[in-house]
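Work through the exercises below with the sequence and the structure side by side. Try each task before you read its solution.

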Amino acid sequence: MTTPYPFTAVVGMDDLRLGLLLNAVSPAVGGVLVRGEKGTAKSTAVRALSALLPGVPVVSGCRFSCDPGAPDPACPDGPHEGTDGVSRDARMVELPVGASEDRLVGALDIERALAEGVKAFEPGLLADAHRGILYVDEVNLLHDHLVDLLLDAAAMGASYVEREGVSVRHAARFLLVGTMNPEEGELRPQLLDRFGLTVEVAASRDPDQRVEVVRRRLAYDDDPAGFAARWADEESELRARIVAARALLPSVRLGDPALRQIAATCAAFEVDGMRADIVMARTATALAAWAGRSDVTADDVRQAALLALPHRRRRNPFDAPGLDEDKLDDTLKESAGQDDGGTDGNDDDPDPDGGGGGGLPPQRDGDGGPGDTPQQQEPAADGSDTPAQPEADGSTARGGGGQQAAAKAAEPFRTRMLSVPGLGEGAAGRRSRARTEHGRTTGSRRPQGALTKLHLAATVQAAAPHQRARGRSGRGLVVRRDDLRQATREGREGNLVLFVVDASGSMAARQRMSAVKGAVLSLLLDAYQRRDKVGLVTFRGKDAEIALPPTSSVDAAAARLDTLPTGGRTPVAAGLLKAHEVLRVERMRDPSRRPLLVVVTDGRATGGPDPVALAARAARLHEAEGVASVVVDCEAGPVRLGLARELAQRLGGTAVTLDELRAESIAGLVKDVVKDVQSSSPRRAA
């Protein structure tokens with residue numbers, strides 16, 4: 001067995017260590033979500049925590065870790081009255097991102113259930129994690145159906161397995177710990193709210209600290225057992241402190257003044273629901289116990305807010321988590337003033353370790369999340385649909401065209417449904433029709449491997465003709481393995497939505513690029529909700545570039561879009577060829593994920609000999625490979641050439657205007673854009 005890296009040997013990462021330790025003291029806090037860039041010891045610290053947890057008393061031989069003092073009356077291995085208990089180490093169970101449903105919740109042997117009436121159940125990871133830690137690395141990449149099962153178990157404290165009327169229930173209370181890299185996509189709001197605390201981690205920029213990290217890691221890799229032995233005393237001290245804090249926790253007093261501060265803080269930051277108030281109360285109590293105090297102070301409340309609220313304040317996927325500490329301090333002072341000091345009179349019992357953090361510094365706000373880049377000013381209108389001219393100092397943008405400042409995106413809106421035709425077999429999502437493990441039943445087939453979803457009617461139909469030959473004598477049906485039928489189901493899949501955005505000078509009229517960015521931002525929001533991967537290709541000047549390779553992070557795409565400049569010629573063919581290259585590579589990486597190509601342009605190709613014909617030939621490449629395409633026609637003004645619609649025909653797709661893209665009418669905004677283009681742009685010859 002591999003010797004784990006000692007928890008006390010982790011350098012820095014004060015917020016991360018504090019969040020994990022508070023959950024070790026009080027599992028009722030509800031777990032912790034660790035957000036941060038790759039290579040920041042997220043997984044190392046989480047795995048090291050399990051070695052610090054006290055032992056767990058369990059019923060001997062119970063696969064579901066029942067407490068001998070209060071066994072689960074519905075335990076599948078029960079009843080346990082009068083059964084001896086044994087002590088074992090607390091478990092840390094890892095849930096792989098690619099795990100199956102049966103691996104998570106357990107598997108029922110349907111064949112034995114039908115033929116013998118026996119509930120033969122093999123426990124899953126939820127049973128293993130009961131009264132321990134369930135750790136999900138890259139939790140933001142977890143499939144939706146597994147997320148739903150986790151939500152159900154976390155809410156009810158139990159896991160239910162249902163297979164065609166045969167059901168098994170067992171207790172499943174666990175400490176949920178997840179790590180994620182925000183660059184790879186965000187979590188669903190429902191799962192995000194289930195994590196009690198969240199911490200942001202980033203690699204230190206202090207050379208001395210980085211040197212110490214490398215020194216310790218190399219020493220551990222050379223001799224794991226020897227390295228762990230050198231930190232054994234520190235580990236024992238920390239383990240004893242956790243035990244002492246757990247013992248003190250029931251006697252910690254959370255007075256009305258502290259409760260009022262908690263309620264006022266949650267109200268001031270407009271968090272949804274009441275879970276934030278409850279988590280803050282539990283966290284503040286754990287902080288006091290960790291510091292060895294019997295009363296909760298204002299410092300505990302402040303630290304609890306910094307840990308429990310940032311991830312609950314997001315209103316859309318593009319909001320960066322965080323908390324305004326100045327506003328937090330003002331709110332705490334105001335609520336304390338209303339209660340004549342509001343700190344429960346505990347100033348005479350200061351925290352021996354320096355504050356509510358229990359010996360660890362308070363969380364730092366502002367780790368540079370997405371959306372921190374300030375918006376640049378909207379460009380002035382040049383009134384032209386022709387390529388932009390070089391700047392006054394003679395400089396030109398990359399590719400040969402003049403570059404204008406990035407326009408601010410208009411407000412996003414709800415878009416119409418765009419989907420890939422046909423029936424796919426990609427990852428579960430919410431966009432296009434697909435054969436999936438979940439959804440409505442459409443038929444049956446012979447199982448390939450283990451049976452997961454029984455089609456009961458088809459199974460009975462297959463077994464019925466053979467009952468006399470099999471010697472059936474009673475009421476029960478004689479079922480053989482060859483009779484079993486797997487249900488085929490149809491649901492929805494997520495797609496790869498590749499945006500190809502025209503950033504040329506013809507798109508740079510006042511309000512026009514703003515409206516276009518607003519439309520793309522709206523489609524990105526739609527892609528987030530439908531669990532798609534997204535990519536971004538832009539073209540301007542003489543060529544095209546991949547602004548963002550395909551990713552699950554819609555935030556990253558929105559950030560690239562925000563800083564997208566405009567200017568130069570319109571190399572439509574270059575954009576389509578670059579998109580063809582991206583899709584070719586992605587098809588090799590993930591052949592089951594079907595693409596949806598979204599081209600945002602006015603279709604007015606310029607640059608080179610016969611640019612319109614070049615664009616048509618590039619479009620036919622996508623048509624020949626059956627790529628589903630949508631062209632968002634951004635053409636405006638009194639003279640419309642219809643080139644975007646011709647491009648859509650060449651792609652074998654459909655064309656929609658900005659107005660048609662909206663699920664609700666935006667005629668007023670479009671009229672404003674058209675009016676501005678008419679007043680500022682010279683007419684082009686028909």
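This is a predicted model: local features need pLDDT of at least 70, side-chain atom pairs count only at pLDDT 80 or more; totals for chains, interfaces and linings use all residues.

**Exercise 1.** Describe how helix 1 and helix 2 are arranged, and name the residues that make their contact.

*Solution.* Two packed helices are described by the angle between their axes and the distance between the axes. Axes are lines fitted to C-alpha atoms, for helices over the stretch in contact, and angles run from 0 to 180 degrees between N-to-C directions. The axes of helix 1 (residues 14-25) and helix 2 (residues 42-49) come within 11 Å and cross at roughly 25 degrees. That angle makes helix 1 roughly parallel to helix 2, given that angles under 35 degrees count as roughly parallel, over 145 as roughly antiparallel, 65 to 115 as roughly perpendicular and the rest as oblique. Now list the contact, which means heavy atoms within 4.5 Å: Leu 16, Leu 20 and Ala 24 take part from helix 1, and Lys 42, Ala 45, Val 46 and Leu 49 from helix 2. Sorted by class, these residues are 6 nonpolar, no polar and 1 charged; here Ala, Val, Leu, Ile, Met, Phe, Trp, Tyr, Cys and Pro count as nonpolar, Asp, Glu, Lys and Arg as charged, and the others, Gly among them, as polar.

**Exercise 2.** Explain why helix 2 is described as largely enclosed by the rest of the structure.

*Solution.* Count the buried residues first: 6 of the 8 residues of helix 2 are buried, so helix 2 is largely enclosed by the rest of the structure. These are Lys 42, Ser 43, Ala 45, Val 46, Ala 48 and Leu 49. Then ask what surrounds them: the buried residues of helix 2 pack against helix 1 and against several strands, including strand 1 (32-36), strand 4 (92-94) and strand 7 (133-137).

**Exercise 3.** Work out how helix 1 lies relative to helix 10.

*Solution.* The axes of helix 1 and helix 10 (residues 232-248) come within 9 Å and cross at roughly 50 degrees, which makes helix 1 oblique to helix 10. In this contact, helix 1 uses Leu 21, Ala 24 and Val 25, while helix 10 uses Leu 238, Ile 242, Ala 245 and Arg 246. By class there are 6 nonpolar residues, no polar residues and 1 charged residue.

**Exercise 4.** Classify the ring pair formed by Tyr 220 and Phe 227, and then the pair formed by Phe 227 and Trp 231.

*Solution.* Rings of Phe, Tyr and Trp (its six-membered ring) pair if their centres lie within 6.5 Å, and planes under 30 degrees apart count as stacked, over 60 as edge-to-face and the rest as tilted. Across the whole structure, 4 aromatic pairs are found. Tyr 220 and Phe 227 are 5.9 Å apart centre to centre with 75 degrees between the planes, an edge-to-face pair. For Phe 227 and Trp 231 the centres are 6.3 Å apart and the planes are at 45 degrees, so this pair is tilted. Ring pairs link Tyr 5, Tyr 220, Phe 227 and Trp 231 into a cluster. As for burial, Tyr 220 counts as buried at 7% relative accessibility, Phe 227 at 3% and Trp 231 at 16%.

Key:
Residues are numbered from 1 along each chain as its sequence is written. Side-chain values use heavy atoms; hydrogens and water are left out. Helices (H or I, at least four residues) and strands (E, at least two) are DSSP runs, numbered from the N terminus. Buried means under 20% relative accessible area, exposed over 50%, partly exposed in between (1.4 Å probe, protein chains only).
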